[in-house]
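Biologist: I would like to go through this structure feature by feature. Please give the rule first and then the case.

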Amino acid sequence: MTDYAPSAAPASLSRRFAIAAAILAAASVLLIAGVSFWLIDYQRAQANALLQKREVAFHATTVGHNLASIVTRLQEVGASPILARALVDGTGKETYLAPFLQGLREMNGIPLQLLFTDAEGKEIADNGVPGFTPGDLAWLRAGLADGSERAALRDRPAGAELIGVVLLRHARTHAPQGALMYKMRVADLKPVPWAILAAAPAQAAAGAHEIAAAVPLPPRLAHLRLVLREDERHLQVPLETAGPHYLLIVLVAFCLALVVFMLASRLALGLTLDLRRLETFSASLGDDIGSQRAPLDGSREVVSLARALNRMLDRLYEQHARLEAERRKFLQLANNVPQLVWIAGPDGNIVWFNDRWHEFTGSPPGSIGVDEWHRYHDPDVLPQVMRRWQEALASGNMAQMTFPLRGADGRYRSFFTSVAPLRDDGGRIVQWFGTCTDVTPLERAERAVRYSEERLQQGLVAARMAVWERDPHSGKVSFSANLQSVFGKNWHNVAELQKLVHPDDRQALRDTVKQALRAGGEYRATPRIRRADDGRLAWIDMRGRLGLGADGRSTVVHVVAIDITERKRAEEALQLADQRKDEFLAMLAHELRNPLAPISSAADMLRLAYAGEPRVKQISDIIARQVAHMRHLVNDLLDVSRVTRGLVTVARQALDLRRVVVEAAEQARPLVDARRHVLDVRLGEAPVMVDGDHTRLVQVVANLLTNAAKYTPEGGRIEVELEAADGHAFLAVHDDGNGIAADLLPVVFDLFTQGSRTLDRAQGGLGLGLALVRKLVELHGGQVDAASAGPGRGSTFTVTLPLLP
């Protein structure tokens with residue numbers, strides 16, 4: 001062992017070790033910094049380019065989705081019965097057509113011009129947005145002529161425009177009956193101002209800074225081949241500064257640290273041999289400190305250090321047991337709490353993290369220091385956190401703050417942090433103790449509540465709805481903020497509401513509410529109110545229910561009030577229109593029936609006067625048959641008119657439904673035999689007694705049989721089955737004829753509804769038979785249903801009537 005001077009040796013050893021360690025550490029730091037900067041900057045540039053391409057592709061997809069949504073919506077508008085009605089009935093367009101089209105000035109935030117025309121391209125109505133030129137109308141007429149639903153891009157001085165048309169086709173011939181032409185500015189489709197949206201050129205060559213993406217178009221617009229182009233210099237650079245790629249940096253730093261460690265170890269081997277022997281002894285110290293002491297050999301400095309170490313071991317032995325027990329308690333407590341716990345020295349440098357910290361951040365256990373603390377903070381928030389931390393260190397007072405921390409999954413979560421100083425007996429700070437509590441779920445819940453409240457408020461305003469709660473015991477009332485939009489003012493008690501209620505409805509409303517409160521249930525009333533702002537009369541749908549208050553214990557009345565004035569007016573208008581329709585049908589039937597008698601008489605006179613003229617006899621027979629057909633149609637019109645206006649009464653009596661079926665079959669027999677059908681009637685042996693009008697029920701069954709005969713090809717089969725079960729009579733008429741399409745089944749019993757017929761229209765009608773059947777069956781307290789597996793697969797009509805007890 002080499003001997004050194006007592007004072008010079010330690011200084012020389014420390015100096016040489018410090019110089020060597022500094023040189024190696026500086027070299028490794030410079031190398032790590034250079035390699036890390038280059039690698040991160042390269043990957044940042046690649047990531048920016050990829051993200052910008054995806055952003056442009058997302059913009060193109062957004063344009064495609066907007067166009068697809070608009071085209072789909074316009075197809076639904078084109079199929080609307082409102083437009084179909086406007087094509088055949090020009091009256092009242094201002095009442096229903098103009099508001100309907102004017103509500104379509106914008107779709108998905110894109111302004112839209114609409115023009116509704118007839119089959120010749122003549123304007124019927126628009127949505128109140130002018131802008132269609134004669135050239136546009138000429139283009140529309142060309143589309144009507146060839147029956148194609150086209151779309152095209154047109155250059156205009158104000159910018160390119162997308163123009164298209166939706167044709168309203170006849171249900172049977174599919175010939176255009178009208179058109180809905182639409183137009184929109186291409187500039188309104190652009191997701192960002194600097195984007196260029198145009199058709200793809202034949203030779204597409206992207207500029208040096210240009211990013212292009214094809215727009216995914218719906219099939220009707222696919223021929224436009226739209227392409228979205230954006231200058232990458234206008235796009236936001238997602239990664240402005242290179243963030244640390246920690247995995248690569250740690251890997252490089254680990255490799256360099258390993259090299260530094262090996263070189264430093266080699267250098268220290270010859271310089272610290274005595275110290276290494278003492279260090280070996282220190283490393284061998286176990287839990288049983290009292291039985292181990294440092295050997296007193298080697299250099300003077302090492303022997304002196306060994307003696308001091310042995311004295312320290314003697315003193316620490318007694319403290320070790322107590323400290324170890326306290327340490328275990330503290331670690332168990334700190335590692336089992338849900339918070340992130342950390343300890344910092346008096347200077348603010350963190351010296352310990354609990355296990356929860358390492359589990360959350362993904363850092364290896366034992367990693368501490370300023371860098372370890374900083375790397376998991378949001379760079380934008382870190383300066384504010386450090387300022388608050390420095391203020392706490394300077395003041396020595398407890399501090400609380402909330403800031404985000406990045407977890408092992410790369411996502412930030414919000415933490416409420418509380419830090420407090422620990423002082424000794426002299427009042428000096430010996431360490432800082434901090435906890436971080438994850439408040440992300442709480443913040444999310446608060447945001448969700450705020451968002452829900454905002455959406456609810458928006459919904460209440462849009463729906464012209466107001467809500468309030470009233471304590472039936474104390475009379476305390478709380479209202480929603482949009483009360484004025486419904487009642488014309490904000491009021492603070494129910495008494496003010498009663499003043500707004502129409503005098504004729506006031507007492508009925510009070511009685512309804514009192515009865516609901518006594519029964520502990522719900523109530524619904526539709527009073528009229530006089531708005532406080534403009535005095536208009538409004539209908540309010542008011543619904544109340546007893547329920548629990550916000551505290552979960554008290555009982556309150558929850559009330560919802562909806563302004564249904566517009567709905568009431570619409571209902572009244574519909575009722576008036578329906579009444580006028582019924583009156584028109586009745587007048588039409590009477591006016592049509594008046595000339596039938598002289599026409600029939602004239603035909604009979606021709607047949608008798610010219611009995612020897614075959615040609616005249618044939619003509620008179622034709623006139624007689626058509627007069628009979630017209631008489632049948634007029635009678636149906638009269639029956640439907642009387643039923644819909646409530647003028648038909650049924651003469652009820654106990655009757656056997658089997659007799660009704662037999663008589664109806666006799667009436668339908670000529671038509672069944674003429675079309676060479678097979679009619680199979682199965683009635684059973686027992687009487688099927690119902691309470692009904694014999695004549696009207698015969699009419700119901702005859703109409704069903706006639707309908708089956710009409711829509712069944714010649715030589716078909718018609719089956720009639722009658723049975724009784726569960727207190728009801730079931731009469732089913734089944735045929736193997738044309739069947740009923742799925743879209744026709746829901747409306748097959750409506751007025752003027754007909755299935756497909758042959759071109760000769762030999763069995764044509766007005767579509768009144770099944771409507772009359774339903775009305776007559778309902779007058780008997782029954783119901784009629786239709787079922788079909790589809791076109792060409794026959795149909796079944798089932799009449800259900802209550803049996804006599």
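This is a predicted model: local features need pLDDT of at least 70, side-chain atom pairs count only at pLDDT 80 or more; totals for chains, interfaces and linings use all residues.

Modeller: Residues are numbered from 1 along each chain as its sequence is written, and side-chain values use heavy atoms, with hydrogens and water left out.

Biologist: Which residues touch the most other members of the largest nonpolar core?

Modeller: A nonpolar core is a set of buried Ala, Val, Leu, Ile, Met, Phe, Trp, Tyr and Cys residues joined through side-chain atoms within 4.5 Å. Buried means under 20% relative accessible area, exposed over 50%, and partly exposed in between, with a 1.4 Å probe and protein chains only. Here the largest core has 41 residues, and Leu67, Leu74, Leu180, Tyr182, Met184 and Leu221 touch the most other members. Helix 1 (residues 8-78) gives the largest share of this core, eight residues. Helices (H or I, at least four residues) and strands (E, at least two) are DSSP runs numbered from the N terminus. Another core, of 40 residues, lies apart from it and includes Val661, Ile718, Leu722 and Val748.

Biologist: What is Leu67 in contact with, leaving aside neighbours within four places in sequence?

Modeller: Contact means heavy atoms within 4.5 Å. On that basis Leu67 meets Leu162, Met184, Leu189, Leu217, Pro218, Leu221 and Leu226.

Biologist: Is Lys568 buried, exposed or partly exposed?

Modeller: Lys568 counts as partly exposed because its relative accessibility is 21%. Lys568 lies in helix 16 (residues 565-593) and touches Thr526 and Trp539, not counting residues up to four places away in sequence.

Biologist: How many aromatic pairs are there?

Modeller: Rings of Phe, Tyr and Trp (its six-membered ring) pair if their centres lie within 6.5 Å; planes under 30 degrees apart are stacked, over 60 edge-to-face, and the rest tilted. The count is five. One of them, Trp342 with Trp389, is edge-to-face, at 5.8 Å centre to centre and 85° between the planes. Trp342 is in strand 11 (residues 340-344) and Trp389 in helix 11 (residues 382-395), so this pair ties together parts 47 residues apart in sequence. Trp389 and Trp432 have ring centres 5.5 Å apart and planes at 75°, so that pair is edge-to-face. Ring pairs link Trp342, Trp389 and Trp432 into a cluster.

Biologist: Where does Lys183 lie relative to Phe132?

Modeller: A charge sits over a ring if NZ of Lys or CZ of Arg is within 6 Å of the ring centre and within 35 degrees of the ring normal. Lys183 lies over the face of Phe132, 4.9 Å from the ring centre.
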